[in-house]
Each structure stands twice: as C-alpha cells, then as structure tokens.
Amino acid sequence: MAEALKLARAAELANEVPVGAVVVSAEGAALGRGFNRTRLDVDPSAHAEIVALREAAWKLGNFRLLGCTLYVTIEPCVMCVGALIQARIARLVYGAPEPKSGALASVPSLASHPALNHSFAVTAGILAPDCAALVQQFFQRRRE
C-alpha cells in the first residue's frame, strides 16, 4: 500500500485525482503500477486500477491475472471492479472507502455478487487515514 500511496502522490502532482494502484503476483513481485490518468490521457477509463491491470497483463502476456493482488488507495468504482472480475484478480486490498462511487462497501458489493462468474477476497482499511487525507486535501485545495 505504501507504493500505491507514492503513485497517488504522483497523480496529484499531475493534477489528477490522487489514486494509486499496484498489482502484485502471488510470489510478491510488483507486476503493474498505475495512477489516475484520465486527464493526462483524455481517457475516462484511465483509472489507477485499470492502468495497473494493463501493465501487469502486458508483463505476464495474459489478461488473466490469476493469483494476483491489487493494492489501491481508494475503494474501486463499478468500472474498476468489473475489470478486476474480468482479470480474475484473487484479492483486492484498498485503503479508504469511496462513499459516492465505491462498488464494494459503499454500495452493494460487486466482488461477491452471485450472478458473476468470479469473486475475489477484499481487505479494506489499510492505511485508510493516509489514503483518505490525500484525496480530501486534493479536493479541498481545488475548492479554494
């Protein structure tokens, strides 16, 4: 999660919403890293999770990221949870909840929906105060 926080800070420096993500293999190797790039890439799908998943899939030569864990600073949205399901991620670890658009704890969880063909373990609250403060301070500065 510390690496994801560093990436979130890089996003903030790029004037992006400060969210960072890292995909780690079952063996502990970092396979993909990303931060929000929606403005930089002019791409609504360029969330930190998607960027990290793309890099990990490219490195593995496979869009299935079996046995991998994704660490992300903020609870993922519906689009990103859908990508985690498609990638067959084994586990998600996130920092702070996202009460407006989070798709795991803040609204009914998609991670274990019975109609979906894949589910994954979820661990929430890792470094949550640091993760939340980064986003809150970013939006506070934008409002000033």
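Q: Which residues touch the most other members of the largest nonpolar core?
A: Of its 45 residues, Val-23, Leu-53, Leu-65, Leu-70, Ile-89, Leu-92 and Phe-120 do, where such a core is a set of buried Ala, Val, Leu, Ile, Met, Phe, Trp, Tyr and Cys residues joined through side-chain atoms within 4.5 Å, and buried means under 20% relative accessible area, exposed over 50%, partly exposed in between (1.4 Å probe, protein chains only). This is a predicted model, in which local features need pLDDT of at least 70 and side-chain atom pairs count only at pLDDT 80 or more, while totals for chains, interfaces and linings use all residues. Residues are numbered from 1 along each chain as its sequence is written, and side-chain values use heavy atoms, with hydrogens and water left out.

Q: And which elements supply that core with at least two residues each?
A: Those are α1, β1 (20-24), β2 (30-35), α3, β3, α4 (78-87), β4 and α5, helices (H or I, at least four residues) and strands (E, at least two) being DSSP runs numbered from the N terminus.

Q: OK, α5 then: which residues are buried there?
A: Ala-128, Cys-131, Leu-134, Val-135 and Phe-138 are. Seen down the axis of α5, they fall within an arc of 145° (taken from the directions from the helix axis to the C-beta atoms), so they line one face. Pro-129, Gln-136 and Arg-143, on the other side, are exposed.

Q: Changing topic, what does Glu-49 touch?
A: Not counting residues up to four places away in sequence, Glu-49 touches Ala-21, Leu-70, Val-72, Ile-74, Pro-76 and Cys-80, contact meaning heavy atoms within 4.5 Å.

Q: Where does Glu-49 lie?
A: Glu-49 is in helix α3 (residues 48-60).
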